[in-house]
Amino acid sequence: MVTRGKFVRPREPNELVPKDYFSEIKISDYFVTDCPLEIDLGCGDGKFTLEMAEYYPDRNFLAVERLLGRVRKVCRGAEKRGLQNVRVLRLESLYTLEWLLPESCVDRLHLLCPDPWPKAKHHRRRLFQNPFLDSVVRVLKPGGELLFKTDHDEYFEWSQEHLAEYSGLESLAWPNDAFFYPKTDFQIQWEAEGKRLQGLRARKATS
Ligand SMILES: C[S@@+](CC[C@H](N)C(=O)[O-])C[C@H]1O[C@@H](n2cnc3c(N)ncnc32)[C@H](O)[C@@H]1O
């Protein structure tokens with residue numbers, strides 16, 4: 001059950017509902033096995049998470065999404081495919097990183113096609129800036145990775161600059177054939193419109 005005042009909503013299959021939204025969660029309380037953990041922030045309809053979870057049954061995947069309709073779709077998609085290694089959290093991305101996840105628990109963190117907030121007066125809403133990077137470093141294990149993709153050239157440059165000036169993460173090359181990496185729903189839609197995506201990959205120092 002998800003309760004808020006008198007409002008009660010049945011928990012979706014595979015939905016991660018924290019026992020307490022104001023304390024760090026214990027990851028192992030919510031997954032069947034203790035495996036490397038990957039997070040998909042703003043997972044949308046979940047194609048990426050579900051394909052990754054199918055391909056890597058020995059890794060756990062936590063999809064984070066604020067819209068209930070999308071959360072439901074991913075939860076039901078995981079159930080339909082019989083995936084034991086997917087959990088879906090309906091919550092705001094930065095709050096999840098800053099307050100809910102324990103320190104050094106994540107192996108890879110994916111931020112794929114986030115809103116670029118193109119107008120200058122909205123740039124402060126962009127996720128890819130220092131408070132986000134601080135929280136990424138907090139939750140990543142040493143050697144853990146951040147993977148980011150956008151179709152928006154100016155947001156890509158902005159993110160590149162923030163990453164270059166940020167000392168807690170080191171940039172890595174990301175050739176197309178580096179590893180299995182399925183396309184997301186938005187990526188497919190945008191590539192069909194002739195847009196090109198650019199990506200960044202960075203690693204938390206091991207010491
Ligand atoms: C442009 S879509 C990309 C979805 C997916 N990553 C993909 O590439 O297909 C961005 C998604 O992030 C979600 N989102 C935006 N801001 C968020 C936030 N602060 N916390 C959680 N989810 C967020 C939106 O609801 C939406 O589903």
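1. A polar contact is a pair of N or O atoms within 3.5 Å; within protein, one atom must be able to donate a hydrogen and the other to accept it, and residues adjacent in sequence count only if both atoms are side-chain atoms. A backbone N or O atom of Asp-185 is placed 3.4 Å from an oxygen atom of the ligand. Taken alone, the ligand exposes 600 Å², of which the protein buries 87%; accessible areas come from the Shrake-Rupley method with a 1.4 Å probe, and for residues only the protein chains shown count as cover.

2. The model is predicted: local features need pLDDT of at least 70, side-chain atom pairs count only at pLDDT 80 or more, and totals for chains, interfaces and linings use all residues. Residues are numbered from 1 along each chain as its sequence is written, and side-chain values use heavy atoms, with hydrogens and water left out.

3. Further polar contacts to the ligand involve nitrogen. A polar side-chain atom of Glu-92 is 2.8 Å from a nitrogen atom of the ligand. A polar backbone atom of Arg-66 lies 3.4 Å from a nitrogen atom of the ligand. In total, 15 residues surround the ligand, and the closest are Gly-42, Glu-65, Arg-70, Leu-112 and Thr-184. A residue is counted here if one of its heavy atoms lies within 4 Å of the molecule.

4. Strand S4 covers residues 60–65. Helices (H or I, at least four residues) and strands (E, at least two) are DSSP runs, numbered from the N terminus. Buried means under 20% relative accessible area, exposed over 50%, and partly exposed in between, with a 1.4 Å probe and protein chains only. Because 6 of the 6 residues of S4 are buried, the strand is largely enclosed by the rest of the structure. Asn-60, Leu-62 and Val-64 point one way from S4, while Phe-61, Ala-63 and Glu-65 point the other way.

5. Strand S3 (residues 37–41) runs parallel to S4, and 5 bridges join them. Two strands pair if DSSP finds at least two bridges between them. Within this pairing, Ile-39 stands opposite Leu-62 of S4.

6. Arg-108 belongs to strand S6 (residues 106–112). Arg-108 counts as buried because its relative accessibility is 10%. Contact means heavy atoms within 4.5 Å. Residues up to four places away in sequence aside, the contacts of Arg-108 include Glu-38, Ile-39, Tyr-56, Glu-145 and Phe-179.

7. Glu-54 is part of helix H1 (residues 47–55). With a relative accessibility of 42%, Glu-54 counts as partly exposed. Beyond its neighbours within four places in sequence, Glu-54 is in contact with Arg-81 and Leu-83.

8. Thr-150 is found in strand S7 (residues 140–150), and it is buried at 1% relative accessible area. A polar atom of the Thr-150 side chain lies 3.0 Å from the backbone nitrogen of His-152. Not counting residues up to four places away in sequence, Thr-150 touches Tyr-155, Phe-156, Arg-196, Leu-197 and Gln-198.

9. Glu-12 sits in the loop between strand S2 (7–9) and S3. The relative accessible area of Glu-12 is 5%, so this residue is buried. The side chains of Glu-12 and Arg-76 are joined by a polar contact of 3.0 Å. Leaving out residues up to four places away in sequence, Glu-12 touches Arg-72, Cys-75 and Arg-76.

10. A disulfide is a pair of cysteine sulfur atoms within 2.5 Å. By this rule the count is 0 disulfides. Cys-35 is in no disulfide, and the nearest cysteine sulfur, that of Cys-105, is 14 Å away. Cys-43 is buried, at 9% relative accessibility.

11. Most residues other than glycine have a negative phi. Cys-113, although not a glycine, has a positive phi of about 55 degrees. Trp-117, also not a glycine, has a positive phi of about 40 degrees. Cys-113 is in the loop between S6 and helix H4 (130–139), and the place of Trp-117 is in the loop between S6 and H4. Cys-113 is buried at 11% relative accessible area, whereas Trp-117 is partly exposed at 25%.
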